[in-house]
Amino acid sequence: MDRFRDDEQRREIHKAKQSILNRSMTVHNAANPIEFPEKPFYFYPSPPSIERNGSVKKLHTSSLGNSFKGTVKKLCSLFESRSKPSNLQPHSPTKPTKSFNSENSRVSSFSELGIKFPGTEDCVVIYFTSLRGIRRTFEDCYTARMILKSFRVKIDERDISMDSAYKKELQNVLGEKNVTLPQVFIKGKYIGGAEVIKQLNEVGELAKLLRGLPLRPLGYTCEGCGDMRFLPCSNCDGSRKYFDEDEGQLRRCPECNENGLVRCPLCCS
């Protein structure tokens, strides 16, 4: 009897295990289309059933699409008309630029100007300003001075900001009222401004123009003014006025300029 009971218990346990196994298989089986339906996977390119350009087609076929296309055409025509040059305006001829490539025209182009400065055939004269009010002008003056000083030739520097007589002198030489700075004269001949000096220096023509001029000793400094080119007036001590004992009143000093300065007799001609 005990053996019969043991067999029945084993059969019941085996049935229980089989039922549990069958339930797990039905739960986790992905092939069951009712409980876990398979999701379709789409790969590029998309199937023909899906129309990705449907919204774009609707936009172009609708009235909104027609107005949108008209607006785009108007904008395109507007920009094209602005970009195209007008045929009514005549084309301005291009101005010929000075070339320094031809050896015959390098120096002759400056001598043909006909502007000469008598009394300065043995030096270089540069009119400039030391004021920094206009940055571009100050930089051009500084550049031209440094280029000329690198050749160690004798340079007569005339600062119009220190003496207004230099400005009047330059206007008389050039024959113009409005002059730009700097202006350079070499051996009594007018050369030009900062751009001309830089171009001549780059092509090596500036050294030829300066050939034959007396050289300045290396490290030389004027003992009278310390290369400042001006000294305080000794007659009025820079006040621009002196007392006339005969008339008993103050008078304008005739020896100094508007700044109460006189040119250095050692380094300024």
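**The pocket and its surroundings**

Tutor: The lining of the largest pocket divides into twelve nonpolar, four polar and nine charged residues. Keep in mind that this is a predicted model.

Student: What is the volume of the largest pocket?

Tutor: Its volume comes to about 650 Å³. There are 25 lining residues, and the closest to the centre are K154, I155, R216, Y220 and C267.

Student: Which element gives the largest share of the lining?

Tutor: Strand 2, residues 155-159, with three residues.

Student: OK, step back a bit. How many helices and strands does the protein chain have?

Tutor: The protein chain has eight helices and eight strands. Of its 269 residues, 25% are buried. Among contacts with a separation of 6 or more, 61% are between residues 24 or more positions apart.

Student: Now R145. Where does it lie, and is it buried or exposed?

Tutor: R145 lies in helix 5, residues 135-149. It counts as buried because its relative accessibility is 17%, and the cut-off for buried is under 20%.

Student: And what does R145 touch?

Tutor: Leaving out residues up to four places away in sequence, R145 touches I126, F128, E157 and R229.

Student: Let's go to helix 7. Which of its residues are buried?

Tutor: In helix 7, residues 194-203, the buried ones are A194, V196, I197 and L200. They are on the same side of helix 7, because they cover an arc of only 165 degrees around the axis.

Student: Why would residues a few places apart point the same way?

Tutor: An α-helix has 3.6 residues a turn, so residues three or four places apart point the same way.

Student: What comes just after helix 7?

Tutor: G204, which takes a positive phi of about 85 degrees.

Student: Which residues other than glycine have a positive phi?

Tutor: K187 is one of them, with phi near 55 degrees. D237 is another, with phi near 60 degrees.

Student: Where are those two, K187 and D237?

Tutor: K187 lies in the loop between strand 3 and strand 4 (189-192). D237 is found in the loop between strand 5 (230-232) and strand 6.

Student: Next, the hairpin. How do strand 6 and strand 7 pair?

Tutor: Strand 6 (residues 241-244) and strand 7 (residues 249-252) pair in the antiparallel sense, over four bridges.

Student: Which residues in strand 7 are the bridge partners of K241 and F243?

Tutor: K241 has R252 as its partner, and F243 has L250.

Student: What about the turn of that hairpin?

Tutor: Four residues sit between the two strands, and G248 in the turn has a positive phi of about 70 degrees.

Student: Which residues does the cis peptide bond join?

Tutor: L181 and P182, with omega at about 0 degrees. P182 is in the loop between helix 6 (164-174) and strand 3 (183-186).

Student: Last one, I160. Where is it, and what does it touch?

Tutor: I160 is in the loop between strand 2 and helix 6. Not counting residues up to four places away in sequence, it touches Y127, F128, T129, Y166, K167 and L181.

Student: How far apart are the C-alpha atoms of I160 and L181?

Tutor: They are separated by 9.6 Å, with the two residues 21 apart along the chain.

Student: And is I160 buried or exposed?

Tutor: I160 counts as buried, because its relative accessibility is 19% and buried means under 20%.

How values were computed. Residues are numbered from 1 along each chain as its sequence is written. This is a predicted model: local features need pLDDT of at least 70, side-chain atom pairs count only at pLDDT 80 or more; totals for chains, interfaces and linings use all residues. Side-chain values use heavy atoms; hydrogens and water are left out. Buried means under 20% relative accessible area, exposed over 50%, partly exposed in between (1.4 Å probe, protein chains only). Contact means heavy atoms within 4.5 Å. The arc is that of the directions from the helix axis to the C-beta atoms. Two strands pair if DSSP finds at least two bridges between them. On a 1 Å grid over the protein atoms alone, a cavity is a set of points where a 1.4 Å probe fits but cannot get out, and a pocket is an open set with protein on both sides within 12 Å along at least five of seven lines; lining residues have an atom within 4 Å of a point. Grid points are joined across faces, edges and corners, and a volume is the space filled by probe spheres set on the points. Ala, Val, Leu, Ile, Met, Phe, Trp, Tyr, Cys and Pro count as nonpolar, Asp, Glu, Lys and Arg as charged, and the others, Gly among them, as polar.
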